[in-house]
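Biologist: I would like to learn how to read a protein model. Could you take me through it step by step?

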Amino acid sequence: MSERAVVGINEDLAIPLSELRFRFSRSGGPGGQKVNRTATRVELLFDVGGSPSLSSRQQEMILGRLAGYVDREGVLHLVSQSTRSQFRHRSEVIARFRRLMAQSLQVRRKRVGTSPTLASRERRLRRKRLRSLIKRSRRQVTRHDE
């Protein structure tokens, strides 16, 4: 397989272009009469659940993090139609696919909880006292006439 026949996602994962499907249709926007005759809009389709290149863990991560791009069948849909060139759309949608896949497969570090510093506790208490004074000043004034 040649180097151009795969889409490199990260150092551990490369997806063969044969797993990506492309659909072409007429694009909206500028272009005059040409836009009514040529299919420049590109839609990339990638079957996340049926991909032999992905492990089950990777499939779970992608389906969870890219849920807005995935349909009920587990197929990822990306569309590009901003320019007049089908070639540029195809390049753009592959670059977006690469970027989204890399982001969705990054392992997020666990947050380590820390205790608040002395200065932050003092700032918090100072703000609470100030807020209390503001609210107290809004109360209705009662007169004690004797």
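Modeller: Let's begin with burial: a residue is buried under 20% relative accessible area, exposed over 50%, and partly exposed in between (1.4 Å probe, protein chains only). Ala39, with a relative accessibility of 32%, therefore counts as partly exposed. This is a predicted model, in which local features need pLDDT of at least 70 and side-chain atom pairs count only at pLDDT 80 or more, while totals for chains, interfaces and linings use all residues. Residues are numbered from 1 along each chain as its sequence is written, and side-chain values use heavy atoms, with hydrogens and water left out.

Biologist: How much of the protein is buried?

Modeller: Of its 146 residues, 26% are buried.

Biologist: Which elements does the protein have, and in what order do they run?

Modeller: Helices (H or I, at least four residues) and strands (E, at least two) are DSSP runs, numbered from the N terminus. Here there are three helices and five strands, and from the N terminus they run β-β-β-β-α-β-α-α. Ala39 sits in the loop between strand 3 and strand 4. Its C-alpha is 4.2 Å from that of Arg26, although Ala39 and Arg26 are 13 residues apart in sequence.

Biologist: Where is Gly64 found?

Modeller: Gly64 belongs to helix 1 (residues 56–65). It is exposed because its relative accessible area is 54%. Gly64 and Ser104 are 40 residues apart in sequence, and their C-alpha atoms are 8.5 Å apart in space.

Biologist: Now for aromatic pairs. What describes a pair of aromatic rings?

Modeller: The distance of the centres and the angle of the planes describe such a pair. Rings of Phe, Tyr and Trp (its six-membered ring) pair if their centres lie within 6.5 Å; planes under 30 degrees apart are stacked, over 60 edge-to-face, and the rest tilted. Searching the whole structure gives one aromatic pair. The rings of Phe46 and Phe97 have centres 5.2 Å apart and planes at 70°, so this pair is edge-to-face. Because Phe46 is in strand 4 (residues 41–47) and Phe97 in helix 2 (residues 86–105), the pair ties together parts 51 residues apart in sequence.

Biologist: Are Phe46 and Phe97 buried or exposed?

Modeller: Phe46 is buried, at 0% relative accessibility, and Phe97 is buried with a relative accessible area of 0%.

Biologist: What about charges?

Modeller: Side chains of opposite charge can pair when their charged atoms come close. A salt bridge is a side-chain nitrogen of Lys or Arg within 4 Å of a carboxyl oxygen of Asp or Glu. The structure has one salt bridge. It joins the side chains of Glu43 and Arg23, at 3.5 Å from N to O. Glu43 in strand 4 and Arg23 in strand 3 (residues 20–25) are 20 residues apart, so the pair links distant parts of the chain. Glu43 counts as buried at 13% relative accessibility, whereas Arg23 counts as partly exposed at 44%.

Biologist: Which helix holds Arg123?

Modeller: Arg123 is in helix 3 (residues 118–138). At 39% relative accessibility, Arg123 is partly exposed.
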